[in-house]
Amino acid sequence: MELVRQPHDLSEDPGSKKTTDLIVFSMKNLKEQSPLEAKIERLEKELKRVKDKEHQYRHLFEKSPIMVYAIDRQGNFLNINQAGVELMGYGSADEIIGNKFQDFFFKDTDEFQTYEKKIHTHGVITEFTTQMKTKDGCVLFVNLTGVLRTTVTNKLKGYEGFVTDMSEEFVTKKKIKESEEKYKAILDNSLAGIYMFQNGGYFSYVNKRLVKIMGYDSADEIIGRKFWEIVAPEDRELVKKRGLQREKEITYPQQYSFRMIRKDGSVIWVEMRCSHAPYMGIPAAVGNFIDISKEKKAQEEIQMLSRKLIEGIEEERRAIASDLHDEFGQALTLLQFNMESMQKAIPADLDDSKQVCNKMMEQIQKLAEKIRNTTSRLRPDLLDHLGLVPALEWYIENFKDQVKNIKIDFQAIGFKRRLPPEVEIVIYRAFQEGLNNITKHSNANRVDIRLTGSHPKVFFIMQDNGIGFKQKNNGMPGEGLSKGIGLLSMKERVASLKGTIKIKSIFNKGTTIRIELPMK
């Protein structure tokens, strides 16, 4: 604004009121602007702000570590930053600008049209995974973002956005996916039912085989249920206790058999292996099992056949013992009576004849004693008539009379009534075989025998202080056929009644045989 000086009388006193008012008026006009001047000032400020923004945008555009692009509506490159140039494998932006965007990106025209459609529909794309070809022909997996570029009048000018190289991540995801698919295929096609439970026993995973074994239609019918719900009531408490403990920590046994209930209510036997294995930071138990119902049935049939075979053998022994006692015993008794009559009929002067008769009578008595011993070994009358404990006590007393260098300590506890005959005979035969082995092979001078009845089981333990023997993995002698046959027979007898036998032998410390049988 131009300052206009008002004419005044120079002779007038500068300090007069009139002069002062003129100066104030002029200074006031200096502070005021015309509308045109104000608009120009606003435009200058806006221009400066735009330039600042453009400078900022240009800085971000050039310095961005990821590719930034701008294309027109026909898909021609208008601009690309240095990161984009390097990503695409070129030396400068000039080699790219003017080329078709879709010549470098997208697998085909349809994918580019999908890209355009998404931008026009939503106005922006935050994620669009596709492929990009570099100058040397390499293919990269990239993620595109895009927004519409429009004029002030909202007319479409083209598109712009970012390009992020996702090749490494894509390859990693692909490997992970392939690995997951591989292990999923292994799990789904496994011959064993595989499972995992967490959070206090709830199934979090089951494979297809488990679903099939248990007779369900899908895994959804099992996942989320408590694992012990599909265990048979007879085994439920034991399996539940072990499973909950295993979910928290490593515990044993990690392998055992139990019964499970299928969807239709039928019961199957399974052989289970399970271990503690946290998953996703949450304690878990992971395991597998196979259906052993057929094997279990076959085993039961074998046990039944073994039991019948043993019963047949024992019956045959009983019959032989009875025949020896009744037929041979009576014949020997009659023969002895006849010899006594003959001795009385011989004249007194025939001493030689009487001596012959005496010798024959002694031989008859020895033969009768051997027959009694044989029948007792085959099937002692005491076992049939009085029971196991009196039969063992009689056998031990008879053994002490014949074997002087082995001391036997026998104790029987908890027997108010007799055991079933099949249990008594198995223990008696194990006792008989064990004592026979000790006498022949152990060089022991002491044997401790404990027989304990504790419902519903009976325990028999025989321990000697002999030289012991080298054991194989199954507990049998590593060498020495004669010892092995007796112990094998013992194991078969115990197995026939669904009992257990453990044999432990330590060099120069002796051997222990522990048998556990059900009382029923």
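How many helices and strands are there in the protein chain? I counted 13 helices and 15 strands, taking helices (H or I, at least four residues) and strands (E, at least two) as DSSP runs numbered from the N terminus.

I noted that this is a predicted model, in which local features need pLDDT of at least 70, side-chain atom pairs count only at pLDDT 80 or more, and totals for chains, interfaces and linings use all residues. Residues are numbered from 1 along each chain as its sequence is written, and side-chain values use heavy atoms, with hydrogens and water left out.

I looked up burial next. Of the 520 residues of the protein chain, 34% count as buried (under 20% relative accessible area, with exposed over 50% and partly exposed in between; 1.4 Å probe, protein chains only). C274 is buried at 5%, whereas C138, at 40%, is partly exposed.

I then searched for disulfides, defined as pairs of cysteine sulfur atoms within 2.5 Å. The count is 0.

I turned to helix α11 (residues 388-402) and helix α12 (residues 421-442), whose axes come within 10 Å and cross at roughly 15°. Axes are lines fitted to C-alpha atoms, for helices over the stretch in contact, and angles run from 0 to 180 degrees between N-to-C directions. I therefore recorded α11 as roughly parallel to α12 (angles under 35 degrees; over 145 is roughly antiparallel, 65 to 115 roughly perpendicular, the rest oblique).

I listed the residues in contact (heavy atoms within 4.5 Å): L388, A391, L392, W394, Y395, I396 and F399 of α11 meet E424, I427, Y428, F431, Q432, L435 and T439 of α12.
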